[in-house]
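Hi everyone, thanks for coming.

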Amino acid sequence: MELSYQGEGDQALSNWATTHFCGAQLGDVRREQRAIKIGAAMAKEPGKSIPQLFDSWYEVKAAYNFFAHEEATPDQIQAGHRSVVQHQLEEPGTYLLLEDESELSWSGNKPIAGLGPIGSGAEGLQGFQLHSVLAVKWPEAIEQNEGERRPPVKVLGVLDQQYHVRIPRPKNEGRQDSHRRKKRKRESQLWQQASQRIGPAPQRGEVSWKRVGDREADIYEHLRSCQAYGHGFVIRACQDRVLEDPQTGGRGGHLFETARGAAVLGQFQLQLRARPGQKARRAKLSVASVRVCLRSPQRPGHSPGALPAVACYALRVFEAHPPKGVKPLEWILLCDTEADSFELALESALMYATRWLIEEFHKALKTGCGAE
C-alpha cells in the first residue's frame, strides 16, 4: 500500500487509515480505532488543528485524550504503517532507504517542557531533531535519454523515524571540553541506531536495500553498520578520509585526491532543481569511479587504522564545464556495489540524485501538515 489512497470520499480515507494504523501498538483496541479515525481526519484536512478536524466537541476531546495516553508515542502509533512498509521491502526488487535529519522548531520566548535547544542554541530557539528513513522502490530498468530527469520511483512510506532532544550544555562545562562531550550520547549515533531499528536486509539475491544519504551520513560507524546489516549504501562523502592500501595495510593516499584522479567513464545530462540563489538548469555531468579502502579513524581506545577498513567505490560526479558564474557541481559518492562501468556508475549517481525526496518529505511535514 502506498502513502496515497485510492478512490474518493470518506470511505477511501477510512480504508487508507485502517491499512496504516490498524497495527498501532496502543494496548487497547479502542485506542487503535481512535488512531484510525484521527488518521483519516488528518489525511482529509492536512495541516488543520484538532478542533478544526472534527465537528463535535466529543470527537475533539477524544482526540486530546488519545494523545495524552502514555502509550501514544510516535513509535507505537507508527508501528502498523512501518510494518506495511517492511512487508513491501521483502518483495523482489531494489529499494532506496532515503535518510536525512531535520529540525522541528517551536521557538519563542516561553520555554516548552520536553523541547531542547536547536540551531545555534541561542535563547528562544527550541525544538527537536527528526531523523527519518523514507523507503522508495527503484525501477527495474532505467532508460537514460539525454536531458532526462531522475527516474520515477514509487514511495512506500516511512520505514523509521527517531526523535532526538538536545540536552543543554551544563553551565560548568566549556565549549572545548572534549572529554565530557565524548561521554554524552551523540547525534551521529542516530544513523547507526537506524540500522539497528530497521534490522537486517533479506538474504536473497533478488532483494536489495540501499541507504542513501547526504554528507551528514558520512560516518564510519554508519558505514560499518550498513555492512553488518546487509544494507547497501550510496552516501556523499564529507570527510577527506585517509585510504588504506589493501595489500600492505599502510596508508594509501586520501579519498578526494584519489577520486579526482580517476578516469572518466562517460557523461550524462541531469535536470537540477532550483536552489536558493540558483535557478533550475540542465547540467552535463561526467562520471568517474575508483575502488578504495577507507581507513578507520581514531576512536576512544583505538588508534587510526586499528578498526576494520571499509572497502567500497568512490564515485565522482562532476561538472567539467559549468555555465559562466555558476559554481560547478561535484559529488564524491561512497558506493558499496561495483561501479567500474559507466552503466553501473550512472545508476548509483541517479540513486543519489533521488535523495531530494526526503527533503521534500520533511518540507511537507513542516509546511503542508503544519508539524511545527
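Okay, start with helix α7 (residues 189–198) and helix α8 (residues 220–228): they pack at about 10°, with axes 8 Å apart. Those axes are lines fitted to C-alpha atoms over the stretch in contact, with angles from 0 to 180 degrees between N-to-C directions. Helices here are DSSP runs of H or I, at least four residues, and strands are E runs of at least two, numbered from the N terminus. Under 35 degrees counts as roughly parallel, so that is what we call α7 and α8.

Before going on: this is a predicted model, where local features need pLDDT of at least 70 and side-chain atom pairs 80 or more, while totals for chains, interfaces and linings use all residues. Residues are numbered from 1 along each chain, and side-chain values use heavy atoms, without hydrogens or water.

Who meets whom? From α7 we have W191, Q192 and S195, and across in α8 E221, H222, S225 and C226. Contact means heavy atoms within 4.5 Å.

Now K210, over in strand β5 (residues 207–213). Is K210 buried or exposed? Its relative accessibility is 6%, so K210 counts as buried; the cut-off is under 20% relative accessible area, with a 1.4 Å probe and protein chains only. The K210 side chain also makes a polar contact of 3.1 Å with that of T337, meaning an N or O pair within 3.5 Å, one able to donate a hydrogen and the other to accept it. Beyond four places in sequence, K210 touches residues including Y95, F233, D336 and M351.

Notes:
Angles under 35 degrees count as roughly parallel, over 145 as roughly antiparallel, 65 to 115 as roughly perpendicular and the rest as oblique. Buried means under 20% relative accessible area, exposed over 50%, partly exposed in between (1.4 Å probe, protein chains only).
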